[in-house]
Amino acid sequence: MIRYNPCKKSVKSDMGKPSQKKETLTVDIQKVFLEYARGQSYEYQYRFILQTGLWTGELVALKWEDIDFHNKTLKIQRSMEYRYSVGEWRIGEFKSKSGYRTIPLTDEAIDILKRQKEIRRLK
């Protein structure tokens, strides 16, 4: 029988701690943010994230085959993360099944994707 919790000795352990409350940006704050982003190199990535609710790791791991332009949907099937322990980027699966999802795309999100596809075609 273990008479104490050996996990409590771990300095890096955050098990049992409540997660921090996350707040979404209001529409007004999003508008201000996008005014500042206008003309910047990541403007359309910011716009796309605000349209879809994707995490940055999900955005950078997207492939063109994840997008269904006809049905205006996007399948989230992987994410990219930096592994500090080995000093490299990794594209991989989600820790839980809730990470895998299909997201409906707005007309603005579709326009952003079409614009990006055209830019890629011209390079």
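Analyst: Let's settle one set of words before anything else: a residue is buried if its relative accessible area is under 20%, exposed if over 50%, and partly exposed in between, using a 1.4 Å probe and protein chains only. Keep in mind that this is a predicted model, where local features need pLDDT of at least 70 and side-chain atom pairs count only at pLDDT 80 or more, while totals for chains, interfaces and linings use all residues. Residues are numbered from 1 along each chain as its sequence is written, and side-chain values use heavy atoms, with hydrogens and water left out.

Let's start at Tyr-42, which sits in the loop between helix 1 (27-37) and helix 2. Helices here are DSSP runs of H or I with at least four residues, strands are runs of E with at least two, and both are numbered from the N terminus. With 49% relative accessibility, Tyr-42 counts as partly exposed. Together with Phe-33 and Tyr-46, Tyr-42 makes a nonpolar surface patch of about 300 Å². Patches take residues with over 30% relative accessible area and no salt bridge, joining nonpolar side chains (Val, Leu, Ile, Met, Phe, Trp, Tyr) within 5 Å and like charges within 9 Å. The areas come from the Shrake-Rupley method with a 1.4 Å probe, and for residues only the protein chains shown count as cover.

Phe-33, Tyr-42 and Tyr-46 are also linked into a cluster by ring pairs. For a pair, ring centres of Phe, Tyr or Trp (its six-membered ring) must lie within 6.5 Å; planes under 30 degrees apart are stacked, over 60 edge-to-face, and the rest tilted.

Now step into helix 2 (residues 43-52), where you'll find Arg-47. Arg-47 is buried, at a relative accessible area of 15%. What does Arg-47 touch, not counting residues up to four places away in sequence? Its contacts are Leu-34, Arg-38, Glu-108 and Ile-112, where contact means heavy atoms within 4.5 Å.

To count as a salt bridge, a side-chain nitrogen of Lys or Arg has to be within 4 Å of a carboxyl oxygen of Asp or Glu. Because they are 4 residues apart in helix 2, Glu-43 and Arg-47 are separated by about one helical turn. Both Glu-43 and Arg-47 are buried. In total, the structure holds 8 salt bridges. Elsewhere, the side chains of Glu-81 and Arg-90 meet in one at 3.0 Å, N to O. Back at our spot, bridges that share partners join Glu-43, Arg-47 and Glu-108 into one network.

Leu-113 touches Phe-48, Trp-64, Ile-67, Phe-69 and Leu-105, leaving out residues up to four places away in sequence.
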